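Please look over these notes with the model open beside you.

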Amino acid sequence: MQPILKIDLTRGVSEPWQIPAKWQEQYLGGASLAARILYNSLTRELEPFSPQAPLLYLTGPLTGTLGPSVGRFVVCGKSPLTGIWAESNCGGFWGAELRFTGYDGLWITGKSEKPVYLWVNDGRVEIRDASLLWGGETYATQEAVKTELGDPRARVLVIGPAAERGVLFAGMFCDHGRTAGRTGLGAVMGSKNLKAIAVRGSGKPPLAEPERYAVARARANRDLKEDNQAQVLHDLGTSGVADYSEYIGAMPVKYYHRGSFPEVDKISGSTMAETILVGKSACHGCVIACGRVVELETGKRQKGPEYETVEIFGPNLLHADLRAVTRLGDLCDRYGFDTISAGNTIGLAFHLFEMGIITEKDTDGLTLAWGDGKVIEELVHKIGRQEGIGVLLGKGSRIFGRHFGAEEEAVQVNGLEVACHDPRGASGMALTYATSPRGACHNQSDYFFVDWGHSLPELGIEAFDRHGGSEKSASVALHQNWRTINNALVMCHFAVIPSESVVELVNAAGGWKMTLADLLSAGERGWNLKRAINIRLGLTGADDRLPKALLEPVPDGNSAGFVPDFAAMLSAYYQARGWDPVTGKPTLERMNALGMPEIASDLWA
Ligand code: SF4
């Protein structure tokens with residue numbers, strides 16, 4: 001594997017650092033390996049906005065190859081939004097290009113005195129002045145950096161004004177609207193006065209057995225092209241599933257207080273395809289191309305919204321205007337913040353307004369009437385500019401709710417806003433949200449797909465009734481382990497390929513001799529390591545919980561009256577995981593069996 005580059009912005013120095021080979025084999029790469037590298041740095045005392053706070057950008061062993069949907073990277077650290085483990089996964093071309101420079105990652109600490117950007121060009125690194133770029137929106141900043149460097153093929157990862165202003169769910173952006181959106185690490189980048197990171201390389205990612213890899217890669221891509229889900233994603237984008245999600249009552253409607261949205265066809269992926277869609281976009285080497293290119297005005301192409309953005313600014317706010325939702329997603333991208341956290345927190349504001357807990361006095365005179373697109377847009381601007389009520393909205397739903405004495409109304413887990421897959425429509429998501437290492441996250445396990453019937457029998461991941469209970473807990477844990485492997489390889493979750501293909505790709509790339517069982521152990525190891533970090537950061541078993549709204553039945557739709565049997569599910573889940581039922585810690589026996597004795601002894605010291 002290639003070294004990673006350590007950069008101290010306070011001193012303006014950098015040096016290569018080789019990741020221990022043992023860690024690579026145990027954790028593979030991406031988010032799991034990042035957790036191992038950052039393990040000693042992430043303490044309870046560490047302030048996410050302090051110069052000491054690390055930001056680790058890491059690729060996986062397949063990144064930059066032409067493998068199945070593997071052109072991605074992760075950025076990890078301590079979240080300013082949640083105070084716990086932060087990881088955010090991003091597509092586009094930046095991760096692949098970083099590997100072409102001869103580095104597998106960047107480990108950034110310190111804080112520059114003035115705004116800067118980094119230029120990593122084939123192994124050389126420069127810290128350059130970004131004073132003129134500061135304040136710029138995300139697309140314009142990427143172009144400005146390329147122009148200044150005189151290199152239109154440089155790949156540029158940037159933050160927007162929201163990150164500079166400390167919005168706690170600010171993200172990082174590259175290419176055609178690809179986003180490391182969740183957990184607020186863009187704000188950490190802003191706190192370091194780091195506006196952008198440009199990369200350009202002419203190397204190739206190292207492969208232990210290139211010929212063997214080429215055969216495995218070609219087969220996997222062929223399988224992927226034939227996969228039904230991949231074809232739907234290509235044709236309809238991620239919001240192609242909107243209709244079905246609404247049909248089963250798994251879509252957030254009226255801030256998770258209703259179960260059906262009869263106007264769903266106005267905002268679905270099919271409607272997008274028949275109205276504003278003019279093209280598709282892909283991340284590096286991906287044969288699926290789920291990205292949308294749309295035209296709201298003739299001749300003016302822009303990114304189209306994906307599922308989460310459509311739902312959170314659509315049905316979640318009783319707003320059925322696809323063009324307006326597209327504009328809202330674009331505004332969030334340009335200011336540079338996460339659409340899920342933004343739309344969710346705005347939903348909370350509407351909900352509290354309806355309850356009479358907040359009034360026009362709190363909202364800068366705005367009447368928060370459900371479905372009012374103008375008001376929603378005004379609130380997005382206020383978050384981006386950090387004006388008026390936008391200051392509080394920019395701190396996320398937990399702090400917003402707490403400020404008004406209504407924290408229990410916020411639909412979040414451990415500070416991260418719940419995404420758009422309601423556990424009352426697909427009950428496995430109850431465990432997914434409650435136990436995810438970064439708060440309510442659908443990317444640590446998109447178990448709703450399993451609840452829809454997509455089982456993975458060779459992994460022991462079974463599809464139970466979508467309203468099932470504790471019988472599915474062990475299956476959820478296995479699915480989380482599998483997705484932890486995805487997040488370590490930084491392989492897109494949409495790349496549904498046979499598990500033996502994944503094993504073959506990993507072994508051919510890394511020169512390992514892993515079995516499927518070894519790979520699943522690596523996933524479980526990564527999951528438990530992040531758990532250990534969060535316990536050190538202050539979480540306990542009591543934090544494995546769901547917000548109030550998700551434990552109350554919705555009145556309408558095809559999941560009306562149902563709530564997951566959460567307590568029983570969690571108890572069975574702990575048993576399947578080998579976690580101590582009192583403390584919520586992974587047991588010594590389990591950690592030792594996974595080959596993590598040093599982490600286990602810290603955890604139980
Ligand atoms: S499926 Fe979509 S998000 Fe995943 S790698 Fe391909 S283009 Fe990117």
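1. Serine 473 belongs to helix H19, residues 473–489. Helices here are DSSP runs of H or I of at least four residues, strands are E runs of at least two, and both are numbered from the N terminus. The model is predicted: local features need pLDDT of at least 70, side-chain atom pairs count only at pLDDT 80 or more, and totals for chains, interfaces and linings use all residues. Residues are numbered from 1 along each chain as its sequence is written, and side-chain values use heavy atoms, without hydrogens and water.

2. Is serine 473 buried or exposed? Serine 473 is buried, because its relative accessible area is 0%. (Buried means under 20% relative accessible area, exposed over 50%, partly exposed in between, with a 1.4 Å probe and protein chains only.)

3. Which residues does serine 473 touch, leaving aside neighbours within four places in sequence? Its contacts are Leu431, Met569, Ala572 and Tyr573. Contact means heavy atoms within 4.5 Å.

4. Helix H12 covers residues 322–335. Its 14 residues should span 20 Å at 1.5 Å a residue, and the end C-alpha atoms are 20 Å apart, so the two agree. The expected span is 1.5 Å times one less than the number of residues.

5. Check both ends of H12. At the start, a side-chain oxygen of aspartate 321 comes within 3.1 Å of the backbone nitrogen of arginine 323. Just after H12, glycine 336 has a positive phi of about 95°.

6. H12 is mostly covered, with 11 of its 14 residues buried. Among them are Leu322, Asp330, Cys332 and Tyr335.

7. Helix H2, residues 30–38, has 9 of its 9 residues buried. These include Ser32 and Arg36.

How values were computed
Polar contact = N/O pair within 3.5 Å; in protein donor to acceptor, adjacent residues only side chain to side chain.
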